[in-house]
Amino acid sequence: MTNERSTAETAEIIEIIEHSALVDMDFYEVSARRHDAVREDVEDAQLTIHVQQRVTDTNFGVRVTASMVSPQGEATASVAGEYELLDGISPSRRALQLFADEVGVMTVFPYVREAIATATAKVFGEPVHLPLIQRGEVVVSKDDN
């Protein structure tokens with residue numbers, strides 16, 4: 001997948017940035033569970049990241065959920081950035097999906113990383129630090145229109 005956007009798509013993303021406000025960061029789940037014994041069947045930590053988007057006429061949300069399984073245990077964090085649309089703009093669903101990829105995921109993911117690190121530090125005795133992600137590496141699925 002390419003990270004390149006057309007000029008029109010970039011303009012739509014900029015318009016949303018200029019006419020929206022991040023109003024809340026909602027935590028839906030933060031959990032960690034230590035295995036009774038180190039699991040030999042799990043060599044390295046396995047990470048799964050999902051992105052969801054919710055859209056209404058006046059607001060939208062971008063939720064990032066990360067789940068990891070390691071030899072020591074399991075952890076999950078699910079966090080959503082909640083945005084309000086301002087000045088009466090009504091962007092297309094595709095433009096909001098592009099915003100989620102370019103801005104939303106990069107805004108929410110640090111909260112997910114911190115939640116996993118804090119939970120695993122308490123439960124495993126040392127934090128698990130999720131890797132940084134690059135722009136466009138974790139995306140929502142796109143509508144064709």
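Tutor: Happy to. Two strands pair if DSSP finds at least two bridges between them. The strands (E, at least two residues) and helices (H or I, at least four residues) are themselves DSSP runs, numbered from the N terminus. The model is predicted, so local features need pLDDT of at least 70 and side-chain atom pairs count only at pLDDT 80 or more, while totals for chains, interfaces and linings use all residues. Residues are numbered from 1 along each chain as its sequence is written, and side-chain values use heavy atoms, with hydrogens and water left out.

Four strands form an open sheet in the order E1-E4-E3-E2, with antiparallel pairing. E1 and E2 (46-55) stand at the edges with a single partner strand each, so one side of each has no neighbour in the sheet. On average, neighbouring strands are turned by 10° against each other, direction ignored; axes here are lines fitted to C-alpha atoms, for helices over the stretch in contact, and angles run from 0 to 180 degrees between N-to-C directions.

Now zoom in on E4, residues 73-85. On one side, E4 runs antiparallel to E1, joined by 13 bridges. Within E4, Val79 stands opposite Phe27, and Ala80 stands opposite Asp26. H2 packs on this sheet and touches E1, E2, E3 and E4, its direction making about 40° with that of E1.

The other partner of E4 is E3: eleven bridges hold this antiparallel pair, and here Val62 stands opposite Gly81 of E4. A hairpin of three residues leads from E3 to E4. Eleven of the 13 residues of E4 are buried, so to speak mostly covered; buried means under 20% relative accessible area, exposed over 50% and partly exposed in between (1.4 Å probe, protein chains only).

Terms used:
Contact = heavy atoms within 4.5 Å.
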